[in-house]
Amino acid sequence: MHELAIAQNILDIAEDELARHNCTKLTLLRVEIGAISGVMVDALEFGLQCLVKGTPHESAVFDIVRVPLRLRCGSCGKEFEGDAGVGALSPCPDCGEVLGHSVLSGKELRVTWIEGN
């Protein structure tokens, strides 16, 4: 379960940022997870909850935002939401092309917001 290691890295980022602002308690952490990032959202959330248990951050709210797969067709340029199950091989709704799409979003794994006191 690599999500536990990811959760630890995310908490390390949050704690470093809290320390830079003389805060000791995490209250809100927002993370964006892309549809094709390879991260299991439920496992990540479980890992975060386990890691903060018994710490000053125990009551923190974890806001995990799922980012859909957005593609740009390599043939006609149409931007569309792809099927995360097939990734960048989603057929273009305009021209039907399956190959050559650019991924515009859906690979994200980033901390976007940290609140503490």
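The backbone oxygen of Ser 90 sits 2.7 Å from a polar atom of the His 101 side chain. That is a polar contact: a pair of N or O atoms within 3.5 Å, where within protein one must be able to donate a hydrogen and the other to accept it, and residues adjacent in sequence count only if both atoms are side-chain atoms.

A word on the source. This is a predicted model: local features need pLDDT of at least 70, side-chain atom pairs count only at pLDDT 80 or more, and totals for chains, interfaces and linings use all residues. Residues are numbered from 1 along each chain as its sequence is written, and side-chain values use heavy atoms, with hydrogens and water left out.

Back to His 101. Its side chain also reaches the backbone oxygen of Glu 97, at 3.1 Å. Is His 101 buried or exposed? It counts as buried, because its relative accessibility is 11%. Buried means under 20% relative accessible area, exposed over 50%, partly exposed in between (1.4 Å probe, protein chains only). His 101 touches several residues, including Phe 80 and Cys 92. Contact here means heavy atoms within 4.5 Å.

Now the cores. A nonpolar core is a set of buried Ala, Val, Leu, Ile, Met, Phe, Trp, Tyr and Cys residues joined through side-chain atoms within 4.5 Å. The largest has 19 residues, and Leu 44 is among those with the most contacts inside it. Leu 44 touches Ile 6, Ile 10 and Ile 64, among others. A second, separate core has five residues, including Phe 80 and Cys 92.

Last, Val 86. At 44% relative accessibility, Val 86 counts as partly exposed.

Methods
Lists of a residue's contacts leave out its neighbours within four places in sequence.
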